[in-house]
Number of protein chains: 2
Amino acid sequence: MKRTTLKDLSQYLSVSTSTISRALLDDKDVHPDTRKKVLEAAEKLGYKPNLAAVNLKYGKTKNIGFVVPEMVTPFAAAVLSGVQKVLYPLGYKVIVLQSDENHLYEKDNLLLLQDFNVDGILLNLCHETANIDVFKQIMEAGIPLVFFDRIPPTSLDASHVIVNDSIKAALMVEHLISCGCQKIAHLQGPSTVRNAVERANGYRRIMNKHNLFQSQLVVQTSGTSFADGKSAVASLLEQEIEFDSIFAYTDTLAIGAMNYLLERKVRIPEDVAIASFSGTQLSENVFPQITTVEQPLFQMGETAASLLLEKITNPLAASQTIVLDAQMKYRGSTVNKNTD
Amino acid sequence: MKRTTLKDLSQYLSVSTSTISRALLDDKDVHPDTRKKVLEAAEKLGYKPNLAAVNLKYGKTKNIGFVVPEMVTPFAAAVLSGVQKVLYPLGYKVIVLQSDENHLYEKDNLLLLQDFNVDGILLNLCHETANIDVFKQIMEAGIPLVFFDRIPPTSLDASHVIVNDSIKAALMVEHLISCGCQKIAHLQGPSTVRNAVERANGYRRIMNKHNLFQSQLVVQTSGTSFADGKSAVASLLEQEIEFDSIFAYTDTLAIGAMNYLLERKVRIPEDVAIASFSGTQLSENVFPQITTVEQPLFQMGETAASLLLEKITNPLAASQTIVLDAQMKYRGSTVNKNTD
DNA sequence: AACGCTATTGGGAACGTTCCCAAAATGCCG
DNA sequence: CGGCATTTTGGGAACGTTCCCAATAGCGTT
């Protein structure tokens with residue numbers, strides 16, 4: 001069961017390991033005949049290079065860390081698919097870690113990846129500022145870091161992939177208004193996340209523009225779970241704050257809120273219209289389907305992976321921030337609100 | 001920026017690399033004083049062992065493959081958490097691969113992992129029989145394979161983790177009957193998956209027992225997506241087959257079906273009760289919440305990882321099949337069906 | 001003081017590659 | 001056919017560990 005090594009091939013063919021290595025690596029100066037012989041023998045003996053040895057030699061592990069707050073939501077999974085699409089054909093291995101929306105775990109995860117000696121890290125962070133020191137330390141250790149979706153505030157010298165949150169949030173609020181909504185509640189998400197703030201800014205801008213803004217309509221949640229969405233809308237009801245629609249930071253918040261309302265026989269969208277921002281399949285797999293800003297998640301993964309590769313192959317490459325275009329999806333949770 | 005190596009420490013302390021290695025590995029015969037010195041120096045110079053070198057030395061990669069049909073459903077994510085819980089503290093790296101419910105991709109993934117020289121593979125397969133040869137070949141190459149959830153039919157010498165599908169499915173059908181259901185449709189899922197067949201068996205047994213079985217009530221879907229659930233229930237409606245409830249192979253099928261019915265103003269559970277089998281968060285995050293057989297997913301991951309570790313540390317360890325206990329969860333999609 | 005223990009240390013091979021450098025083989029020219 | 005350039009090959013160091021084996025130091029015994 002022992003793996004066949006270069007040495008085995010060398011013995012089998014009575015040719016030095018140097019030549020074999022060259023033949024296998026498609027080196028120019030090796031005789032076509034010997035190359036052919038080598039390739040055949042390799043095939044026959046089932047030779048597979050020992051990656052540990054190669055890694056040792058090159059000083060690279062070909063491991064990439066992928067750290068996300070959670071994976072129970074399809075968000076990270078969709079991004080991961082894009083990442084894998086780019087990275088696997090190149091022989092990279094993607095190591096997935098979940099931080100459980102806890103920056104302490106996030107720190108552990110990052111340090112673990114550093115121990116693993118990964119060639120680079122793709123990160124969707126769970127707290128904007130908590131681990132800045134860790135990010136810095138890792139980058140100083142020569143491990144490139146690329147952020148996607150939720151990025152850190154200070155300008156670390158790292159690449160980022162985001163969407164234009166503020167503008168698309170603004171468009172979504174305009175849409176709600178065009179549906180006849182006036183009292184648009186906003187479930188904002190944690191203030192420790194840049195995204196949430198950006199989207200809230202877009203919301204506020206349009207609400208002000210139409211002279212509809214009321215601070216009490218904005219509910220800040222501590223997380224982004226379904227439960228957070230529920231408790232947010234519950235608090236609105238409890239305080240008897242009137243609202244005819246909801247714009248939520250994520251699909252999960254929106255769905256949590258919607259379910260809470262449906263339990264109370266509130267009609268969607270007739271009584272309350274609902275819109276969100278995210279782009280996971282979730283918004284399509286509930287009833288009614290939720291109007292949302294759909295982010296190009298697969299593309300986000302591809303882009304982040306490409307940026308990381310750039311940094312890996314050339315550590316001096318300039319950092320970039322790529323802004324992807326998200327799409328408006330109008331669905332049952334908002335349209336035809338007033339046709340009853 | 002160069003990593004500090006044993007040699008650096010050796011030079012710094014004027015002590016041989018052997019001793020340093022011993023001190024770091026907690027070898028018994030090294031003087032306490034020198035050990036202390038070594039540990040301090042290692043700390044000070046930020047020594048991290050080069051895993052590539054260690055792997056080369058030991059002939060292990062400490063990489064584990066985790067291959068699943070998809071990750072957009074929280075199922076695999078929950079199992080993965082359990083796997084990580086067990087494996088990460090031991091220094092293993094988990095490489096995640098998605099097969100997109102396509103056995104050709106599954107094959108590619110497995111071969112990729114073999115190229116990566118992983119120490120073992122955790123696998124939830126997407127087709128029972130298609131890749132048996134690949135499984136065999138990989139196991140013959142000395143890479144242990146542990147199956148969870150969907151396992152292959154023939155008795156490969158591999159460990160498995162499953163739940164008792166048939167019994168729990170039966171219990172669920174009994175529950176539906178106790179809710180007053182008589183015409184229980186079953187969305188079966190692909191016949192190429194053992195699970196689906198087991199659950200269908202449980203269903204059929206109880207239906208027969210109560211003399212309720214009608215073959216037309218069973219719809220076999222080609223996949224397990226939301227869309228499959230929709231089209232399955234659509235075909236029932238189209239054929240004008242009467243049903244007062246649905247028992248679905250997975251949460252996704254159930255939800256797809258439910259949404260389709262809700263769109264058509266069918267009341268859940270009053271007109272049609274719905275039950276499923278899975279245990280993902282999905283069933284709780286729709287309205288009404290879905291009655292389901294909840295599998296212990298985290299535990300499934302832990303168990304599978306432990307079984308794999310056993311095989312890794314002792315290649316001659318006997319294969320085991322561990323059957324976990326799933327829990328019945330009664331929720332709004334079935335209870336109080338007849339209180340209107 | 002010589003001896004034999006044990007506790008501690010050092011030297012160096014080995015893991016499987018890659019690649020530099022030198023050696024050998026080949027081809028071509030006059 | 002000698003000499004030179006060019007193609008092709010081989011030897012062996014290096015990557016950073018671990019661990020076997022040998023060497024040394026320390027210490028108690030007689």
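Good morning. The structure is a predicted model, in which local features need pLDDT of at least 70 and side-chain atom pairs count only at pLDDT 80 or more, while totals for chains, interfaces and linings use all residues. Residues are numbered from 1 along each chain as its sequence is written, chains are lettered from A and ligands numbered from 1 in the order in which they are written, and side-chain values use heavy atoms, with hydrogens and water left out.

Let me begin with helices. Two packed helices are described by the angle between their axes and the distance between the axes. Helices here are DSSP runs (H or I, at least four residues), as are strands (E, at least two), and both are numbered from the N terminus. An axis is a line fitted to C-alpha atoms, for helices over the stretch in contact, and angles run from 0 to 180 degrees between N-to-C directions.

In chain A, helix α5 (residues 74-87) and helix α12 (residues 297-313) have axes that come within 7 Å and cross at roughly 45°. That angle makes α5(A) oblique to α12(A); angles under 35 degrees count as roughly parallel, over 145 as roughly antiparallel, 65 to 115 as roughly perpendicular, and the rest as oblique. The crossing of α5(A) and α12(A) is right-handed, a term used if the near helix is turned clockwise from the far one by less than a right angle, with left-handed used if anticlockwise. Contact means heavy atoms within 4.5 Å. Among the residues of α5(A) that meet α12(A) are A:F75, A:A78 and A:V79, and the α12(A) side includes A:L297, A:F298 and A:M300. The residues of this contact of α5(A) with α12(A) divide into 11 nonpolar, 4 polar and 2 charged. Here Ala, Val, Leu, Ile, Met, Phe, Trp, Tyr, Cys and Pro count as nonpolar, Asp, Glu, Lys and Arg as charged, and the others, Gly among them, as polar.

The second pair, also in chain A, is helix α10 (residues 226-238) with helix α11 (residues 251-263), whose axes come within 6 Å and cross at roughly 55°. These helices, α10(A) and α11(A), are therefore oblique to each other, and α10(A) passes α11(A) in a right-handed crossing. The residues of their contact divide into 9 nonpolar, 4 polar and 3 charged.

I turn now to the cysteines. How many disulfides are found over all chains? A search of the whole structure finds 0, where a disulfide is a pair of cysteine sulfur atoms within 2.5 Å. For A:C181, the nearest cysteine sulfur is that of A:C179, 5.8 Å away. A:C181 is buried, at 0% relative accessibility; buried means under 20% relative accessible area, exposed over 50%, and partly exposed in between (1.4 Å probe, protein chains only). In chain B, the sulfur of B:C179 is 5.8 Å from the closest cysteine sulfur, in B:C181, which is too far for a bond. B:C179 is buried too, at 13%.

Finally, the backbone. The peptide bond from A:F287 to A:P288 is cis, with omega near -5°, and A:P288 lies in the loop between β9 (273-278) and β10 (291-294) of chain A. The bond from B:I268 to B:P269 is cis, with omega near 5°.

Is B:D149 buried or exposed? B:D149, which has a positive phi of about 65° although it is not a glycine, is buried at 7%. B:K265 has a positive phi near 65°, but counts as exposed at 74%.

Thank you.
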